[in-house]
Amino acid sequence: MTVVELTQKLLAFNTINPPGNEAPPARFLADMLIERGFAVQLRPLGKGRFNLVARKGPGLRAPLCFSGHLDTVPLGLRSWTVDPFGGAIDGDRLYGRGSTDMKGAVAAFVLAAIEECAPGAPDKDLMLLITAGEETGSDGARALVQSQTIESPQILIIAEPTSNRVLLGHKGALWLRLLFDGLTAHGSMPEQGRNAVVAAAAAVAALTTYDFATQAHPALATPTLNIGTFHGGINVNSVPDLAEIGVDIRSIPGMDHAQVRAEIASLLGSKARIEVDIDLPPVWTSPDTPAAELVNAAVTAITGDRQDVAGAAYFTDASVFTPAFGNAPTFILGPGEATMAHKTDEFVLISRLEQAVNIFREIIRRF
Ligand SMILES: [Zn+2]
């Protein structure tokens with residue numbers, strides 16, 4: 001089966017999350033890997049959902065691990081000009097929801113692993129972690145880590161879309177919900193109440209001046225803070241007694257999320273209650289490590305491009321896996337186009353898919 005055919009096969013399964021329904025494609029891949037001699041576990045993640053863990057090799061050393069997710073985001077409000085599950089091809093483009101993010105990448109590393117583990121090939125220690133529930137906050141990866149039954153790999157490759165360039169890590173994410181309590185009263189007598197929206201608005205103003213006081217990271221630049229949501233009040237003729245702000249902080253290596261949270265708490269004073277929705281650390285692997293040299297050299301050998309010291313602003317399952325794996329050297333590397341993720345008429349370039357198979361095979365050979 002070619003990488004295009006396998007990608008089309010995976011695209012035909014609707015794995016829009018929610019609800020995900022990753023079990024059918026996970027079973028399909030499991031059958032394929034079992035037939036090629038991989039030890040495969042399908043681990044349930046609620047109804048109709050599996051994480052897939054596959055292992056090959058003598059088990060003499062910690063494995064090289066490739067990871068990707070099978071769920072996709074919804075189709076969005078704009079209508080598609082192609083069937084999102086049809087796998088249509090136009091020139092170098094293969095269309096479908098999840099083609100770039102990231103069923104094409106899963107197809108590429110599954111085929112690379114199968115081809116490099118064909119009978120007679122040198123026995124490499126390989127692991128594949130194919131997760132469910134990534135798009136709603138790495139639920140599948142978290143379940144795998146919490147099971148404490150996944151061995152730490154020597155190298156972890158998260159095949160999210162990078163146009164086949166090596167990213168050495170990504171920012172972390174700290175999502176806070178700030179809740180402001182007031183005292184309700186009739187809108188004609190506001191002096192008898194305490195207005196939660198006004199308190200929240202003052203907090204927004206204070207947060208826009210918050211200084212992270214960090215030095216810029218050479219690849220990940222500076223941390224950011226976005227106020228993504230603001231809710232308060234039920235009807236115009238009442239004093240609102242509850243308001244809520246959603247804050248999305250993206251952090252860089254060296255930052256301590258607990259400290260950021262404490263600073264924001266002291267900036268806002270006793271008026272705000274803080275709840276943490278997501279707390280995922282940044283991930284970074286130094287370009288000087290042997291693992292980075294191996295991965296960079298393998299990619300350059302196939303593409304001819306020298307690899308920059310670069311990282312991503314978005315986060316991946318690595319935020320869950322990498323700390324649990326003793327900060328194993330981690331790379332984000334996949335055939336998808338980062339600009340195409342989550343878009344209407346999402347596509348992946350067929351030339352990049354084929355190149356990714358060769359890149360992943362080269363990494364396995366050099367491992
Ligand atoms: Zn993704």
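Leaving aside its neighbours within four places in sequence, which residues is Ala-216 in contact with? The answer is Ala-221 and Thr-222, where contact means that the C-beta atoms of two residues, placed from the backbone, lie within 7 Å.

Before going on, a word on the model. Residues are numbered from 1 along each chain as its sequence is written. The model is a predicted one, in which local features need pLDDT of at least 70 and side-chain atom pairs count only at pLDDT 80 or more, while totals for chains, interfaces and linings use all residues.

To stay with Ala-216 for a moment, this residue is found in the loop between α5 (196-207) and β10 (224-232); helices (H or I, at least four residues) and strands (E, at least two) are DSSP runs, numbered from the N terminus. Ala-216 is exposed, with 10 other C-beta atoms within 10 Å. By definition, a residue is buried if 20 or more other C-beta atoms, placed from the backbone, lie within 10 Å of its own, exposed if 12 or fewer, and partly exposed in between. Ala-216 and Ile-252 are 36 residues apart in sequence, and their C-alpha atoms are 8.2 Å apart in space.

Now the overall picture. The protein has nine helices and 15 strands. Its radius of gyration is 23 Å, close to the 21 Å that the globule rule gives for 367 residues, so the protein is as compact as a globular protein of that length; the radius is taken over C-alpha atoms, and the rule is 2.2 Å times the number of residues to the power 0.38. Of the 367 residues, 45% count as buried.

The protein is divided into domain 1 (3-170 + 283-366) and domain 2 (172-280), with bounds that come from an automatic or database domain assignment. The C-alpha centres of the two domains lie 35 Å apart, and ten residues of domain 1 are in contact with nine residues of domain 2. On the side of domain 1 that touches domain 2, the residues divide into seven nonpolar, three polar and no charged; here Ala, Val, Leu, Ile, Met, Phe, Trp, Tyr, Cys and Pro count as nonpolar, Asp, Glu, Lys and Arg as charged, and the others, Gly among them, as polar.

What, then, of the interior?

Beyond its neighbours within four places in sequence, Val-106 is in contact with Leu-10, Gly-68, Leu-70, Ile-130 and Ala-159.

Finally, in helix α4 (residues 139-146) the buried residues are Asp-139, Gly-140, Ala-141 and Leu-144, and what covers them includes β2 (50-56), β3 (64-69), β6 (126-131) and α8 (318-324).
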